[in-house]
Amino acid sequence: MIARLREYGYLDDERFAQSYASLRIQQRPIGRHRLQRDLAQKKIDKKTVDEALDQIFEQNPEEDLIDRAIAKRI
């Protein structure tokens with residue numbers, strides 16, 4: 001059972017953290033601290049979270065997300 005979960009990538013915390021963060025900021029602009037807290041609640045270790053968020057926010061700078069959020073409100 002565990003081997004099959006690994007095979008499907010369900011036990012890959014790095015992949016999960018990246019996918020989760022990417023999806024959240026695509027759905028609605030959200031800040032780094034909020035994502036850190038959400039992933040910590042899901043028991044993802046801090047190093048993995050930081051690495052995933054570094055990659056996500058390199059591709060999607062927070063300034064752009066803020067601009068997107070403001071544009072939605074106006």
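Residues are numbered from 1 along each chain as its sequence is written. Because the model is predicted, local features need a pLDDT of at least 70 and side-chain atom pairs count only at pLDDT 80 or more, while totals for chains, interfaces and linings use all residues, and side-chain values use heavy atoms, with hydrogens and water left out.

**The whole chain**

The C-alpha atoms fill a box of roughly 50 × 20 × 20 Å, taken along the principal axes. Of the 74 residues, 28% are buried, a word that here stands for under 20% relative accessible area, with exposed meaning over 50% and partly exposed in between (1.4 Å probe, protein chains only). Among contacts with a separation of 6 or more, 51% are between residues 24 or more positions apart, a contact being heavy atoms within 4.5 Å.

Next, colour the model by pLDDT, the predictor's confidence in each residue from 0 to 100. The average for the protein is 88, and 99% of the residues score at least 70. Confidence is lowest in helix α1 (residues 2–7), with a mean of 78, and highest in helix α3 (residues 32–41), with 95.

**Helix α2**

Select residues 13–27, which form helix α2: its 15 residues reach 21 Å from the first C-alpha to the last, close to the 21 Å expected at 1.5 Å a residue, where the expected span is 1.5 Å times one less than the number of residues. Now show the side chains of Ala17, Tyr20, Ala21, Arg24 and Ile25, the buried residues of α2. They cover an arc of only 120° around the axis, which puts them on the same side of the helix; the arc is that of the directions from the helix axis to the C-beta atoms. These buried residues pack against α3, α4 and α5 (62–73), whereas Gln26 and Gln27, on the other side of α2, are exposed.

At the N-terminal end of α2, select aspartate 12, which caps the helix with a side-chain oxygen 3.2 Å from the backbone nitrogen of glutamate 14.

**The salt bridges**

The structure holds six salt bridges, each defined as a side-chain nitrogen of Lys or Arg within 4 Å of a carboxyl oxygen of Asp or Glu. Select arginine 32 and aspartate 54, whose side chains meet in one of them at 2.6 Å, N to O. Arginine 32 lies in helix α3 and aspartate 54 in helix α4 (residues 46–59), so this pair ties together parts that are 22 residues apart in sequence. Arginine 32 is buried, at 18% relative accessible area, while aspartate 54 is partly exposed, at 43%.

Move on to aspartate 38 and arginine 34, another salt bridge, with the closest N and O atoms 3.9 Å apart. Both belong to helix α3 and are four residues apart, a separation of about one helical turn; aspartate 38 is buried at 9%, and arginine 34 is partly exposed at 34%.

Finally, select glutamate 51 and lysine 47, whose closest N and O atoms are 3.6 Å apart in a salt bridge. They both lie in helix α4, four residues apart, about one turn of the helix. Glutamate 51 is partly exposed, with 37% relative accessibility, and lysine 47 is exposed, with 59%.

Conventions: Helices (H or I, at least four residues) and strands (E, at least two) are DSSP runs, numbered from the N terminus. A polar contact is a pair of N or O atoms within 3.5 Å; within protein, one must be able to donate a hydrogen and the other to accept it, and residues adjacent in sequence count only if both atoms are side-chain atoms.
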